[in-house]
Amino acid sequence: MGSIGRILRPGVSSGPDEARPQPSRADGLIREYEASGKGWFWETTRDGALAYISEGVADTVGREVADLLERPFVDLISSESQGAAAPSERTLGFYLSSHVAFQDLIVRAKTKNETWWSISGRPIHDEIGRFHGYRGFAADLTKMRQSEVELDRLARQDSLTGLPNREVLRHALDDAMVSAVRRKRLCSVFLLDLDRFKAVNDTLGHPAGDMLLRLVALRLSDKVGNLGQAGRLGGDEFEVVLPGLSSRAELSELAQAIIDSLSRPYPINGTNVSIGASIGIVTSDYDDRTSDDLMRDADLALYAAKAAGKGTYRFFSPDMHEVARERQLMESDLRVALENDQLRVVYQPVVNTSTEAVTGFEALIRWDHPEHGPISPTEFIPLAEEIGLINEIGEWVLRTACAEAARWPEHIMIAVNLSPVQFKAHALPSLVQMVLSDSGLAAKRLELEITEGVLLNNDEHVHDMIGRLKAIGVKLALDDFGTGYSSLSYLLRVPFDKIKIDQSFVRGASAPESRNAALIRAMVGLATDLDMQTTAEGVETQDELILIRKLGCSHIQGYIFGKPMPASEASKLAASESAVRPDGFKKARETRIRLIRGALLHFADRVRSARLRNISTGGALVECREELPVGAQIKLDFAAGSTVDGTVVWTKGLHSGVKFTEPFNLKLLQQVK
């Protein structure tokens, strides 16, 4: 066994040159321990050369034991050992020359494969105190070190994409801000959000969604390159820290390059998947803003980019804080609007195309804000969905509409819109039954309108929900057909009673150059073959009415037969047995959309918060907090992918009429969801 056996024996230490003892029980235990691979023993002479080494160590370093004896112990240790410890860590060579005991010295072996040891040793002295060398033992830490490295990697990397995670990005931004101040330069941050990712996840499944995120990470890293550090915050949100980039032109170029790259199709499971990306950009300044402040500002810029139609980027502007504050105020106001009787239901007639008789009404919600006046549903309904009020508001609309319709003649229908959030509630069929029972309205007179977005989750819940609603006896209508994720499979799977052709197809359909008429004809033909009714929405002019009749739509809903009206007027119209006289211009004037939408107004080197009240291709009605002079040259930032130039042509108080310098494409507004 050799002199190492004396390590386990009590008594006076002696030099390595003394006679070796006979094998003993202790020697057997030592051999068992060495053979286990968990540790080994060593002994050196007074000059640090190996006098004994376990055979397992020789195998690890790829040498014979005889080749290692009488060689310096430190020759087995890699110079990279210090990389794992503090720079001031004392080395094995230091301890062997200092003649002091040491314990748990972590070193890396000089081997091809990464090997780590924890070495302990004590000096050997004879009876009169003369130094004769060292004896000690060591443990193999390789697996533990590899586990530590892996845990450290997992703690720093996103497990799905391999990109740096939130914590690493936080430190990177902190370092970039400190460095920027020291170098008297600025740093920048991109906050990215993928557009339409949820639709991919829902339709193709989570494995496809995970694959898509990995491909996005590769493209993002490729575009950022050495300019900064790209990472994933979670979900479909990414961040890019740019320590040395602050030029607006360079940031714009990089942002657009990222958007273009991420918007290219992705081949996933034999399908080409297309998504988009929106980016919020913020640049540091020589102020007291922290990394948290910068991320908050980037988030506001991202929100502005998504509100501008998605697939674009926006730079942070201080006025965005005002927009966010107004949104918070609107959220607070919406929470009390229902109990303060600020919400009301209006009813727009639906007319039989052939007889022009009223067959029903659609219930539409309105919000009369005590300070800001009417608030568009396109503005407060998404907010209600986001803050969890939509179920409460939706139930109130359903109860109000059914109670009113119960007073009408029995052949008059009532249509009520269902939010996708409402549709997810398992208690929806029970609620519908309860409302019908409380109001006394026959189930066949209630028509529930759902959008195509509800059908993206082709799962058991969707089919179960539709089956339970149909079992009650209510009608189902597919709203805004042709504007979302239209698929003929929806019409085959779901027993709709009606499809509603969106007004975007109706408007301008009578123009000679328009191809909308062909699309409407195809929709009507498809619905007829599937025994479904059709309603054309947004009919306003005589030309459109004639065309819709010619194309065979069974019902019409639009201003030409009546605007949304209060319950009292709807009741009178429902009771009337005479046909409704169409009232509208012969030809369509320039399309003007009524809305309330936040915007940023640039004028005289300042950015102001503003609201759009209506808009056409040629101009808009703008409400601003201060009066604008006639002739003012302004820029509006709302939904065009870039600012829209215009001139103030009239002003009345805080309202101004703005004429656009170039025609505005109204279809850009339809991209905002």
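Two strands count as paired here if DSSP finds at least two bridges between them. Helices (H or I, at least four residues) and strands (E, at least two) are DSSP runs, numbered from the N terminus. With that settled, here are my notes.

The model is predicted, so local features need pLDDT of at least 70 and side-chain atom pairs count only at pLDDT 80 or more, while totals for chains, interfaces and linings use all residues. Residues are numbered from 1 along each chain as its sequence is written, and side-chain values use heavy atoms, with hydrogens and water left out.

1. **Overall picture.** The protein has 22 helices and 27 strands. Of its 673 residues, 47% count as buried; buried means under 20% relative accessible area, exposed over 50%, and partly exposed in between (1.4 Å probe, protein chains only). Contact means heavy atoms within 4.5 Å. Among contacts between residues at least 6 apart in sequence, 62% join residues at least 24 apart.

2. **The barrel.** Six strands make a closed barrel in the order β22-β23-β24-β27-β26-β25, with antiparallel pairing. Neighbouring strands of this sheet are turned by 45 degrees against each other on average, direction ignored. For such angles, axes are lines fitted to C-alpha atoms (for helices over the stretch in contact), and angles run from 0 to 180 degrees between N-to-C directions. Within β27, Lys659 is the bridge partner of Gly619. Helix α11 (residues 319-337) packs on this sheet, touching β22 (592-603) and β23 (606-616), and its direction makes about 55 degrees with that of β23.

3. **The open sheet.** A five-stranded open sheet has the order β2-β1-β5-β4-β3, again with antiparallel pairing. Its edge strands, β2 (50-53) and β3 (102-108), each pair on one side only. From one strand to the next, the twist averages 25 degrees. Five bridges connect β3 with the antiparallel strand β4 (residues 116-125), and Val107 has Trp117 in β4 as its bridge partner.

4. **An enclosed strand.** Strand β17 (residues 446-450) deserves a look: five of its five residues are buried, so it is largely enclosed by the rest of the structure. In a regular strand the side chains alternate between the two faces of the sheet. Both faces of β17 are covered, with Leu446, Leu448 and Ile450 buried on one side and Glu447 and Glu449 buried on the other. β17 pairs in the parallel sense with strand β16 (residues 413-417) over four bridges, where Ala415 stands opposite Glu447. It also pairs in the parallel sense with strand β18 (residues 475-481) over four bridges; there, Ala477 is the bridge partner of Glu449.

5. **Salt bridges.** A search of the whole structure finds 27 salt bridges, each being a side-chain nitrogen of Lys or Arg within 4 Å of a carboxyl oxygen of Asp or Glu. In one of them, the closest N and O atoms of Arg135 and Glu43 are 2.5 Å apart. This pair links distant parts of the chain, with Arg135 in strand β5 (residues 131-140) and Glu43 in strand β1 (residues 39-44), 92 residues apart. Both Arg135 and Glu43 are buried. Arg407 and Glu404 form another, at 2.7 Å between the closest N and O atoms; here Arg407 is exposed, with a relative accessible area of 58%, whereas Glu404 is buried at 11%.

6. Glu626 and Arg608 meet in a salt bridge (3.0 Å, N to O). Glu626 lies in the loop between β24 and β25 (633-637) and Arg608 in strand β23, so the pair ties together parts that are 18 residues apart in sequence. Glu626 is partly exposed, with a relative accessible area of 29%, and Arg608 counts as buried at 7%. Elsewhere, salt bridges that share partners join Glu362, Glu449, Lys500 and Glu537 into one network.

7. Leaving aside neighbours within four places in sequence, Arg219 is in contact with Ser261, Leu262, Arg264, Pro265 and Tyr266.
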